[in-house]
Amino acid sequence: MSEALVTVGYSVLSERLKNIQLPAQHKDIEILIGIQGDSKSHDSTKHLERDDTKLIYLDSLGVTKSRNYLIANSNGKYLFFGDDDIIWIEENTRKVVDYFEANPDVDLIMGRTINDEGNFRKKYPTTKKRLHLFNSGKAGTVEMSIRVSSFRSRDLYFDTEFGAGMDNYLGDEYIFITDAHKKKLKCIYLPINFSIHPMESSGLQFGSQRDKEARIAVLQRVFGKAAPVMKIIFFLKHWKRLK
């Protein structure tokens with residue numbers, strides 16, 4: 001396929017392919033689906049057989065590896081990251097693309113998601129913000145879109161030691177944004193609703209020993225030598241929830 005304006009990329013387990021609800025077909029949008037799991041499971045893909053949609057079965061496990069495949073193989077100028085349970089708010093994703101087009105210095109845009117009852121999944125700012133190490137810790141992948149060329153040219157991808165399917169099962173989006181920030185890419189938040197998405201998220205869960213260990217690993221990865229101070233600040237802020 002020649003270069004598209006937009007790639008909508010899905011990272012999905014093979015047994016959840018049936019859940020995907022594709023956006024409407026447009027000539028300037030391609031759909032790329034990175035599938036982890038049994039490549040012989042074809043019985044649930046009939047609704048995905050469109051000429052704008054490409055299904056790729058991946059040998060690797062871990063959602064970040066799947067997303068990295070999307071970055072490396074996208075034909076679109078801009079890439080939106082989707083899960084199998086996403087419903088895109090297409091008029092708003094067009095606004096995101098228009099913003100990219102009007103602002104060529106912007107490399108990543110984070111927006112908002114709502115749940116199926118129309119409520120925000122978490123607390124979001126109400127105005128535009130520049131993203132950095134101290135305000136992007138709650139970012140979700142399905143809230144992000146990137147200018148693909150900016151990330152490829154700097155060899156910027158998700159850290160595959162983090163994310164769903166790994167021991168450090170959270171923080172991959174935060175690390176992705178902060179790595180981009182450290183490489184001088186312009187990452188911003190806009191108060192635009194990207195999509196409808198269920199309420200559950202591993203990044204919003206607190207409490208278990210595994211959870212605490214994963215958050216410690218994220219802070220170490222992002223802050224390096226300054227991590228001990230940031231760990232103290234984080235746990236003082238959340239001590240009631242973390243017990």
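What follows is my run of entries, from the whole chain down to single residues.

**Ground rules.** I am working from a predicted model, where local features need pLDDT of at least 70, side-chain atom pairs count only at pLDDT 80 or more, and totals for chains, interfaces and linings use all residues. I number residues from 1 along each chain as its sequence is written, and side-chain values use heavy atoms, with hydrogens and water left out.

**Whole chain.** I looked up the secondary structure and got seven helices and nine strands. Both kinds are DSSP runs numbered from the N terminus: helices are H or I with at least four residues, strands are E with at least two. The C-alpha trace spans about 50 × 40 × 40 Å along its principal axes. I then checked the radius of gyration, which is 18 Å for the protein chain and agrees with the value near 18 Å for a compact globule of 243 residues. That radius is taken over C-alpha atoms, and the globule rule is 2.2 Å times the number of residues to the power 0.38.

Buried residues make up 50% of the 243. Here buried means under 20% relative accessible area, exposed means over 50%, and partly exposed is in between, with a 1.4 Å probe and protein chains only. I also looked at contacts, meaning heavy atoms within 4.5 Å. Among those between residues at least 6 apart in sequence, 71% join residues at least 24 apart.

**Cores.** Next I asked which residues touch the most other members of the largest nonpolar core. They are Tyr10, Ile20, Ile33 and Ile109, in a core of 26 residues. Strand 1, strand 2 (29-36), strand 4 (76-82), helix 2 (90-102) and strand 9 (187-196) each supply at least two residues of this core. Apart from it lies another core, of 25 residues, including Leu32, Met110, Ala139 and Leu185. A nonpolar core here is a set of buried Ala, Val, Leu, Ile, Met, Phe, Trp, Tyr and Cys residues joined through side-chain atoms within 4.5 Å. As background, nonpolar side chains tend to be buried together in soluble globular proteins.

**Helix 1.** I went through residues 63-73 and found helix 1 mostly covered, with eight of its eleven residues buried. Besides Val63, Leu70 and Ile71, the buried ones include Arg67 and Asn68. Isoleucine 71 counts as buried because its relative accessibility is 0%. What does isoleucine 71 touch, not counting residues up to four places away in sequence? I listed Leu79, Phe81, Ile146, Val148, Arg152, Leu156, Tyr157, Phe158 and Phe176. Its C-alpha is 9.4 Å from that of phenylalanine 158, 87 residues apart along the chain.

**Second largest pocket.** I noted a volume of about 160 Å³. A pocket is an open set of points on a 1 Å grid over the protein atoms alone, where a 1.4 Å probe fits, with protein on both sides within 12 Å along at least five of seven lines; lining residues have an atom within 4 Å of a point. The volume is the space filled by probe spheres set on the points, which are joined across faces, edges and corners.

The elements giving two or more residues to this lining are strand 1 and helix 2. Helix 2 has the largest share, four residues. By class I logged eight nonpolar, two polar and two charged residues. Val6, Trp88 and Arg94 are among the lining residues.

**Valine 6.** Valine 6 counts as buried because its relative accessibility is 4%. Leaving aside neighbours within four places in sequence, valine 6 is in contact with Asp28, Ile29, Glu30, Gly76, Tyr78, Phe80 and Val97.

Most residues other than glycine have a negative phi. Which phi did I find for aspartate 155? It is positive, about 55 degrees, although the residue is not a glycine. Aspartate 155 sits in the loop between helix 3 (148-153) and helix 4 (172-182), and counts as exposed at 59% relative accessibility. Lysine 184 also has a positive phi, near 70 degrees. Lysine 184 is in the loop between helix 4 and strand 9, and at 71% relative accessibility it counts as exposed.

How values were computed: Nonpolar A, V, L, I, M, F, W, Y, C, P; charged D, E, K, R; others polar.
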